[in-house]
Amino acid sequence: MQKSFVMLKPDAVLRRLTGKILTRFEERGLQILAAKMMIIPRAQAEEHYAEHQEKPFFGDLVEYITSGPVLAMVIEGDECISLIRKMVGATNPQEADLGTIRGDFAIQTGRNIVHASDSPASAEREIALFFQDDEICKYQLPDQELVYEEP
Ligand code: UDP
């Protein structure tokens with residue numbers, strides 16, 4: 001099983017899309033291990049997006065991500081990092097396929113409503129940046145043999 005860090009950005013929260021987006025992850029069969037609403041401190045936002053600090057959009061990105069509450073989550077499932085990236089869609093919502101979260105709910109890159117880890121190394125780093133170990137719930141879903149061949 002793999003864990004991914006997924007974050008509904010302030011535009012998703014303020015547009016009241018959290019329920020709809022969470023439903024997509026749940027209906028897919030994924031398991032939400034942790035979730036918290038928070039306003040990200042600037043230093044934490046800068047660390048989260050450190051790989052982009054030299055990019056021209058970095059300042060706007062940090063403004064955007066700290067502009068309101070986010071819903072930060074840890075989601076678990078088989079190969080879920082790439083699975084969730086597919087569900088999220090292309091970074092530029094104009095290029096995101098219909099049926100993806102960005103393709104269905106967003107229009108511009110700078111307001112693309114959701115973040116999801118892009119690799120196991122990113123997931124590990126991002127989960128540690130947002131969650132303490134004891135905030136991540138360990139529990140068994142009752143339908144795992146219906147979702148997986150070998151639970
Ligand atoms: N972003 C932006 N302008 C750009 C590229 C990226 O505002 O030209 C923002 C956008 O919110 C994106 C985030 O920076 O989601 C991180 O960019 P990345 O390339 O890592 O895309 P992601 O992994 O989120 O699809």
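Two strands are taken to pair if DSSP finds at least two bridges between them. On that basis, this predicted model contains an open sheet of four strands in the order E2-E3-E1-E4, with antiparallel pairing. E2 and E4 stand at the edges with a single partner strand each, so one side of each has no neighbour in the sheet. From one strand to the next, the twist averages 15°.

**Strand E3 and its partners**

Strand E3 spans residues 70–77. Its pairing with strand E1, residues 2–8, is antiparallel and runs over seven bridges. Within that pairing, Lys-3 has Glu-76 of E3 as its bridge partner, and Gln-2 is bridged to Gly-77 of E3. Strand E2, residues 31–38, also pairs with E3 in the antiparallel sense over seven bridges; here Met-37 has Leu-71 of E3 as its bridge partner. Six of the eight residues of E3 are buried, so the strand is largely enclosed by the rest of the structure.

**Helices on the sheet**

| Helix | Strands touched | Angle to the direction of E1 |
|---|---|---|
| H5 | E1, E3 and E4 | about 30° |
| H7 (residues 120–130) | E1 and E3 | about 60° |

Both entries concern packing on the sheet, by H5 and by H7.

**Positive phi values**

Glu-79, a residue other than glycine, has a positive phi, near 50°. Its place is the loop between strand E3 and helix H5 (80–88). Glu-79 has 10 other C-beta atoms within 10 Å and counts as exposed, because the limit for that class is 12 or fewer.

Ile-113, also not a glycine, has a positive phi, near 60°. Ile-113 is in the loop between helix H6 (101–105) and strand E4 (114–116).

**Ligand surroundings**

The ligand is surrounded by Phe-57, Leu-61, Thr-91, Thr-109, Gly-110, Asn-112, His-115 and Asp-118. This shell divides into two nonpolar residues, five polar and one charged.

**Annotated span**

An unreviewed UniProt entry carries the annotation "domain: Nucleoside diphosphate kinase-like" for residues 1–138. In the model, that span is 41% helix and 19% strand, and its end C-alpha atoms lie 12 Å apart.

Notes. Residues numbered from 1 in each chain as written. Predicted model: local features only at pLDDT ≥ 70, side-chain atom pairs only at ≥ 80, totals over all residues. Near = placed C-beta within 6 Å. Nonpolar A, V, L, I, M, F, W, Y, C, P; charged D, E, K, R; others polar. Helix = DSSP H or I, 4+ residues; strand = E, 2+ residues; numbered from the N terminus. Buried ≥ 20, exposed ≤ 12 C-beta atoms within 10 Å, placed from the backbone. UniProt positions renumbered as here; feature names shortened; annotations may be inferred. Axes fitted to C-alpha atoms, helices over the stretch in contact; angles between N-to-C directions. Contact = placed C-beta atoms within 7 Å.
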